[in-house]
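Okay, thanks everyone, let's get going.

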Amino acid sequence: DDPTKRRTRQSAPRAFGTNDHGRGMEFDEDLPDAARVDTDEGMVYETDAGACVYFCDRFRRYKFYCGRSGLSLLRGLVAVNRRLLGRNAALFAADADEAARQRAEGYALYEEKPNLRRRGSEIGTWSDREYGLPGFQWMYLRLKSYQRFTETWAVLERCAAGGLFDEGGCLREANRVVSLGGGPGYELLAYDYFDRYWRGRDAADPAAWRFDAAAEDAPPAKNGKYVSLDLQPSWVEYVDLLGYGFHQWDVHDADLTKISGGFDTGVVCMLSNIMCYCTDDATADLFERLLDSFVVAIVANERGAEQGIAPMMERRGVVVAKLLDQAAAGRDDRQIVFLPKGSPKTLPGIPLADGAYRVFPNVPYEEKKGVRRT
């Protein structure tokens with residue numbers, strides 16, 4: 001399985017949803033007939049119709065759309081990010097010029113991704129040292145948060161359509177939710193919010209549900225159910241403000257007790273764009289071992305349309321449920337769930353019907369799906 005020959009598919013479209021002039025928006029530029037929800041970045045806008053346009057890329061080229069439910073969630077995310085960015089600001093040097101230099105370094109690292117061009121031993125979009133820089137974290141919190149949150153929500157929404165959040169379902173009844181390579185914890189935040197949504201929505205009218213974003217201004221009480229595991233220890237600064245747990249952890253030298261947390265069953269693992277760094281037999285063996293013991297599901301949101309880990313897990317007898325439509329544009333492994341051996345091989349309601357309600361429509365972007373402005 002040669003990763004250089006795998007097809008890729010973009011999370012954001014190359015030519016879909018761009019502004020009419022075909023470029024991104026300037027920093028102080030705004031959408032017409034819309035109000036900024038996040039006043040600093042302009043990543044989220046409420047339209048005059050009460051719906052929402054939001055962006056996940058730093059140049060604000062690609063528009064995504066959602067209705068009032070999605071807008072209420074993004075308001076909550078904006079409120080959370082105010083807390084996290086406040087903590088980040090305290091990590092910069094007291095000297096204003098040095099702080100500006102650190103932010104400029106973070107911007108350059110986020111844009112140029114020099115670690116991808118290096119020929120060293122460290123694999124990844126950014127190095128562990130780069131992830132630990134306050135300037136880089138400033139960029140990550142401001143921009144990557146929207147992609148991480150909305151894509152995780154979308155994969156959980158598909159899992160729910162397949163029954164995994166139903167009464168007795170393995171995701172609904174989880175004792176512990178662990179994000180592997182989870183960084184500041186946006187995947188956990190999406191799971192936490194989604195669980196509230198799925199339990200509290202009106203199934204006959206899910207679009208009527210609203211998230212109480214005002215409650216997110218203050219740090220929540222500690223919740224030991226959700227845990228981020230990451231090689232870079234400084235992410236704990238932000239995970240703490242979410243009220244979740246954190247452990248330093250290396251997928252290549254995995255301490256399983258940090259995943260289990262003492263539970264012998266009912267643990268769910270979340271993956272978000274880490275398989276490009278660790279698709280190998282050792283990782284497949286680790287996932288198989290987890291699913292053979294205390295893990296009830298591994299939910300993955302990844303980048304490439306063809307994930308080499310999928311056939312590796314199938315050869316080991318693990319059930320691999322692909323959540324995106326495989327007919328519309330061919331093989332698409334970007335959102336998958338691994339289930340223990342002997343689980344049903346198909347999930348009812350997967351893929352989602354074209355008319356199914358989605359809080360964040362067309363996330364991640366699927367070719368030939370178009371835009372549904374709900």
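Some housekeeping first. This is a predicted model, so keep in mind that local features need pLDDT of at least 70, side-chain atom pairs count only at pLDDT 80 or more, and totals for chains, interfaces and linings use all residues. Residues are numbered from 1 along each chain as its sequence is written, and side-chain values use heavy atoms, with hydrogens and water left out.

So, the overall picture. The protein chain has ten helices and eleven strands; these are DSSP runs, H or I of at least four residues for helices and E of at least two for strands, numbered from the N terminus. Of the 374 residues, 54% are buried, and buried means under 20% relative accessible area with a 1.4 Å probe, protein chains only. If you take contacts (heavy atoms within 4.5 Å) with a separation of 6 or more, 69% of them come from residues 24 or more positions apart.

Helices next. For the angles, axes are lines fitted to C-alpha atoms, for helices over the stretch in contact, and values run from 0 to 180 degrees between N-to-C directions.

α1 contacts both of those helices. The axes of α1 (residues 68-89) and α4 (residues 134-161) come within 11 Å and cross at roughly 160°. That makes the two roughly antiparallel, the label for anything over 145 degrees. The crossing is right-handed, meaning the near helix is turned clockwise from the far one by less than a right angle. Among the α1 residues in this contact are L73, L77, N81 and L84, and the α4 side includes W138, L141, Y146 and W153. By class, the contact of α1 with α4 has twelve nonpolar, five polar and one charged. Nonpolar here is Ala, Val, Leu, Ile, Met, Phe, Trp, Tyr, Cys and Pro; charged is Asp, Glu, Lys and Arg; the others, Gly among them, are polar.

With α5 (residues 186-200), α1 packs at about 140°, with the axes 12 Å apart. On the α1 side we have L73, G76, L77, V80, N81 and L84, and they meet Y186, L189 and Y193 of α5. This contact has seven nonpolar, two polar and no charged residues.

Last stop, L339 in β11. Buried or exposed? L339 is buried, with a relative accessible area of 5%. Its C-alpha atom is 5.0 Å from that of A297, 42 residues away along the chain. Beyond neighbours within four places in sequence, L339 contacts C170, L291, V296, A297, V318, V319 and L347.

Key
Parallel < 35°, antiparallel > 145°, perpendicular 65-115°, else oblique. Buried < 20%, exposed > 50% of the residue type's maximum accessible area, 1.4 Å probe, protein only.
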